[in-house]
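Here is a short report for someone meeting this structure for the first time. Please keep the sequence and the 3D view at hand while reading.

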Amino acid sequence: MKRDYYEVLGVGKEATLDEIKKAYRRLAMQFHPDQNPGNKEAEEKFKEAAEAYAILSDSEKRQRYDQYGFKGAQGSGAGGFQFDPNQFTDFQDIFGSFFGGGGIFADLFGGGGRRRSGSGERGSDLQYNLRISFKEALFGVEDKEIDIPRQDACGECKGTGCAAGTSPQTCPNCRGNGQVAVRQGFLQMAVTCPRCEGRGSIILSPCNTCRGAGRIGKRTKVRFRIPAGVDRGQRLRLKGEGEAGMGGGGRGDLFVLFEVEEDPLYERDGLDLHRKLEVPWALLVLGGEFPVETPYGKESIKIAKGTPADKVIKISNAGVPRIQASGRGDLYLHVRVAVPTKLSSQEEALVRQLLNPGGANGEAREEEGFLAKVFGSSDKGKKKKKR
């Protein structure tokens, strides 16, 4: 015996249309054949839920069902409910949240076909890995040229794929829809037309150059600007520089992925730059001005008296430019001691004297010498030697 439609959906007789839709969506997800392959019982429950929804979602059919039961809902002369998917006009609304508004139910029940004739298909996006120098990444390049292989529109047929004087014809198999209906059990599905491959049109007289494809492969030079401040792993989108579309469709985009070479002097950290700076030890002790080469020219920095060897000095606005914004990061100088490797006899004698600040009597001073400040060694805390 047939079950009451309200009972099938699990709703009361006062249920709103939204409540009926939600109940049907839940049952459809639970018993859909794709979720239960080979399960006849689930298939019957799916049909039962679909029948209940078909009646209760239609205000006139629901009214007749409430008054006269199953016979009233079927109408005069009806020989029982026939599962006809075409009667549902809002399947995408019913199944959208579960199937993402597309997929099987976008093409299921003959409601998802789309014509692709006329405007054609958009071309594919491309990616080009570009290796650039550290200097190019820092300062940018106004006119960079690369050579890429891609599919371009055929010059002979202007991308139509047709021989001169001819044009594409509507596909007789799908009548221009790009899809044809097929049945699988009780379901009717729309699939891509095998003759026109979904384009909705066919070419009877193909172009001799591209053989009807409308595109030919060739190498093309592309010119563009690299903005100052790009970093490795970043991509630059060049709109309309991808492959040409099929059937005269628009071009895809070209994405340039940057690979930046290492620099022997500078190390990048976001918008900041770091480098080692060797300073003569005497200047660290006495202090003074010291010239420094930056990416933007020479600058003079001030070395304070008694500067330790591990000091970090910042030069503001001497780092990496901000892309599409004003200003730059900072440059950090990591101070290192420049130790001479060759000394004259006189220089060596002076250094030995500095290392023995006690003088001729050999008495060492307790205060820390300036060499100790530079090289980090300290005699503080040591007791004087008794003679």
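## Arginine 131

Arginine 131 is exposed, at a relative accessible area of 52%. Exposed means over 50% relative accessible area, buried means under 20%, and partly exposed lies in between, with a 1.4 Å probe and protein chains only. The model is predicted: local features need pLDDT of at least 70, side-chain atom pairs count only at pLDDT 80 or more, and totals for chains, interfaces and linings use all residues. Residues are numbered from 1 along each chain as its sequence is written, and side-chain values use heavy atoms, with hydrogens and water left out.

Arginine 131 sits in strand E1, residues 126-132. Helices (H or I, at least four residues) and strands (E, at least two) are DSSP runs, numbered from the N terminus. Leaving out residues up to four places away in sequence, arginine 131 touches Glu259 and Glu261. Contact means heavy atoms within 4.5 Å. Arginine 131 and glutamate 259 are 128 residues apart along the chain, yet their C-alpha atoms are separated by 4.5 Å.

## The chain as a whole

The chain has 11 helices and 15 strands. Of its 387 residues, 36% count as buried. Take the contacts between residues at least 6 apart in sequence: 63% of them join residues at least 24 apart.

The accessible surface comes to about 23,800 Å². Carbon and sulfur atoms hold 47% of that surface. Areas come from the Shrake-Rupley method with a 1.4 Å probe; for residues, only the protein chains shown count as cover.

## Aspartate 253

Is aspartate 253 buried or exposed? Aspartate 253 counts as buried, at 4% relative accessibility. Its place is the loop between strand E8 (235-238) and strand E9 (254-260).

The side chain of aspartate 253 makes a polar contact with the side chain of arginine 237, at 2.6 Å. A polar contact is a pair of N or O atoms within 3.5 Å; within protein, one must be able to donate a hydrogen and the other to accept it, and residues adjacent in sequence count only if both atoms are side-chain atoms. Beyond its neighbours within four places in sequence, aspartate 253 is in contact with residues including Arg122, Ser124, Asp125 and Leu126. Lys239, Gly240 and Glu241 are also among them.

## A four-stranded sheet

Four strands form an open sheet in the order E10-E11-E15-E14, with mixed pairing. Strand E10 (267-269) and strand E14 (312-315) stand at the edges. Each has a single partner strand, so one side of each is left without a neighbour in the sheet. The twist averages 35° from one strand to the next. Axes are lines fitted to C-alpha atoms, for helices over the stretch in contact, and angles run from 0 to 180 degrees between N-to-C directions.

Two strands pair if DSSP finds at least two bridges between them. E10 and strand E11 (residues 272-280) pair in the antiparallel sense over three bridges. Glutamate 267 has histidine 274 as its bridge partner in E11, and arginine 268 has leucine 273. Two residues lie between the strands of this hairpin, where glycine 270 takes a positive phi near 70°. E11 and E15 pair in the parallel sense over eight bridges. E14 and E15 pair in the antiparallel sense over four bridges.

The largest nonpolar core has 22 residues, and Phe290, Ile301 and Leu333 have the most contacts inside it. Such a core is a set of buried Ala, Val, Leu, Ile, Met, Phe, Trp, Tyr and Cys residues joined through side-chain atoms within 4.5 Å. Among the elements that each supply at least two residues of this core are E11, E14 and strand E15 (331-338). A second, separate core of 21 residues includes Tyr6, Ala23, Tyr24 and Leu56.

Leucine 333 has arginine 275 opposite it, and isoleucine 313 also stands opposite leucine 333.

## Positive phi values

Most residues other than glycine have a negative phi. Asparagine 317 has a positive phi, near 60°. Asparagine 317 lies in the loop between E14 and E15 and is partly exposed, at 36% relative accessible area. Glutamate 197 also has a positive phi, near 55°, in the loop between strand E5 (187-192) and strand E6 (201-202).
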